Amino acid sequence: MKRALFALLTVLIGATVVAGTALFVSKAGAEPPTLVATPAGTTQTSNGVINHATLDLSVYPNASSTQPGPNIPAGETTIVANAQQWPFYSPSSSIQLPAHSLITVTIHQYDTGGQIYNPWFSHPIGTIANKMSVDGREVTSIAASNVAHTFTIHQYPEGGQPYWFVSVPLPAQADNAKPQANGYPTPIDVTFSFMTGDPGKYVWNCEFPCGTGYVEFGGPMSQRGFMSGTVTVV
């Protein structure tokens with residue numbers, strides 16, 4: 001009987017810990033304010049005239065007085081994360097895009113990097129013609145040893161909506177890049193375009209190991225507002 005009661009108590013304590021952890025992770029995953037793509041008229045494509053919209057993002061290596069970091073409505077989460085000087089996407093990781101439109105994204109990249117574990121992510125995938133431009137030069141890949149971050153959109157695991165995958169690698173700044181007045185080096189500008197389909201909700205994340213914990217995929221890598229977020233197509 002004592003063994004049975006002890007086992008039951010152990011299960012109840014374990015369930016309480018798991019529930020508490022899930023609640024904490026849920027709060028830590030709170031969404032920052034939504035960044036809505038800017039309408040840019042229409043454009044001619046092989047499928048006819050469609051709507052065009054643009055999106056402007058930046059990637060910073062750490063928070064500073066000029067770039068204070070993500071604004072996440074989750075209490076002390078933002079304070080702790082910024083105190084640890086995590087890298088982050090700005091101005092938000094919660095993105096809204098129009099359906100059935102051409103989207104042109106420009107990302108200003110300020111961070112250093114290194115070798116990405118999977119070189120497949122050193123190629124733009126799902127963009128128009130699987131291409132992107134780096135400081136105005138069109139490319140189909142970058143060196144796998146010189147990746148800072150990626151911007152990778154994919155489905156929720158449960159699916160139930162149209163398949164969609166877009167991934168773009170961002171070249172790394174040199175370790176000795178000279179900082180400008182704002183404390184960061186001159187950004188590397190990466191521009192790419194892709195098509196959206198039907199309305200749906202997707203997730204995005206960075207595939208470069210730039211976090212903490214096991215193989216550097218913890219911390220900011222799993223924290224919305226930093227190196228992961230959502231993409232809502234409306």
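Good morning. In this predicted model, local features need pLDDT of at least 70 and side-chain atom pairs count only at pLDDT 80 or more, whereas totals for chains, interfaces and linings use all residues. Residues are numbered from 1 along each chain as its sequence is written, and side-chain values use heavy atoms, with hydrogens and water left out.

I begin with strand β13, residues 228-233. Helices (H or I, at least four residues) and strands (E, at least two) are DSSP runs, numbered from the N terminus. Five of the six residues of β13 are buried; buried means under 20% relative accessible area, exposed over 50%, and partly exposed in between, with a 1.4 Å probe and protein chains only.

Which strands pair with β13? Two strands pair if DSSP finds at least two bridges between them. Strand β5, residues 94-97, runs parallel to β13 and is joined to it by four bridges. Within that pairing, Ile95 has Val231 as its bridge partner. Strand β12, residues 200-205, pairs with β13 in the antiparallel sense over six bridges, and here Lys201 stands opposite Thr232.

Elsewhere, strand β2 (residues 38-45) and strand β3 (residues 48-60) run antiparallel and are joined by six bridges. These two strands form a hairpin with two residues between them, and Thr43 has Ile50 in β3 as its bridge partner.

I turn now to the second largest pocket, which holds about 150 Å³ of space. On a 1 Å grid over the protein atoms alone, a pocket is an open set of points where a 1.4 Å probe fits, with protein on both sides within 12 Å along at least five of seven lines; lining residues have an atom within 4 Å of a point. Grid points are joined across faces, edges and corners, and the volume is the space filled by probe spheres set on the points.

What lines this pocket? There are 13 lining residues, and Val203, Trp204, Asn205, Ser228 and Gly229 lie nearest the centre. The elements giving two or more residues to this lining are β12 and β13, and β12 gives the most, with three residues. By class, the lining has six nonpolar, six polar and one charged residues. In this scheme Ala, Val, Leu, Ile, Met, Phe, Trp, Tyr, Cys and Pro count as nonpolar, Asp, Glu, Lys and Arg as charged, and the others, Gly among them, as polar.

Rings of Phe, Tyr and Trp (its six-membered ring) pair if their centres lie within 6.5 Å; planes under 30 degrees apart count as stacked, over 60 as edge-to-face and the rest as tilted. By this rule the count comes to 15 aromatic pairs. One of them joins Phe151 and Trp204, whose ring centres are 5.0 Å apart with planes at 40°, so this pair is tilted. Phe151 lies in strand β9 (residues 147-154) and Trp204 in strand β12, 53 residues apart, and the pair thus links distant parts of the chain. Phe151 is buried, at 2% relative accessible area, and Trp204 is buried at 1%.

For Trp164 and Tyr202, the ring centres are 5.0 Å apart and the planes stand at 80°, so the pair is edge-to-face. Because Trp164 lies in the loop between β9 and β10 (166-171) and Tyr202 in strand β12, the pair ties together parts 38 residues apart in sequence. Both Trp164 and Tyr202 are buried. Tyr89, Phe151, Trp164, Phe192, Phe194, Tyr202 and Trp204 form one aromatic cluster.

How many salt bridges does the structure hold? A salt bridge is a side-chain nitrogen of Lys or Arg within 4 Å of a carboxyl oxygen of Asp or Glu, and the structure holds one. Lys131 forms it with Glu138, the closest N and O atoms being 3.3 Å apart. Lys131 is partly exposed, at 32% relative accessible area, whereas Glu138 is exposed, at 55%.

Finally, the backbone. Most residues other than glycine have a negative phi, and most peptide bonds are trans. The peptide bond from Ser90 to Pro91 is cis, with omega near 10°, and Pro91 lies in the loop between β4 (88-90) and β5. Asn130 has a positive phi of about 55°; it is found in the loop between β6 (101-109) and β7 (132-134) and is partly exposed, at 37%. Asp135 also has a positive phi, near 50°. Asp135 sits in the loop between β7 and β8 (137-139) and counts as exposed, at 52% relative accessibility.
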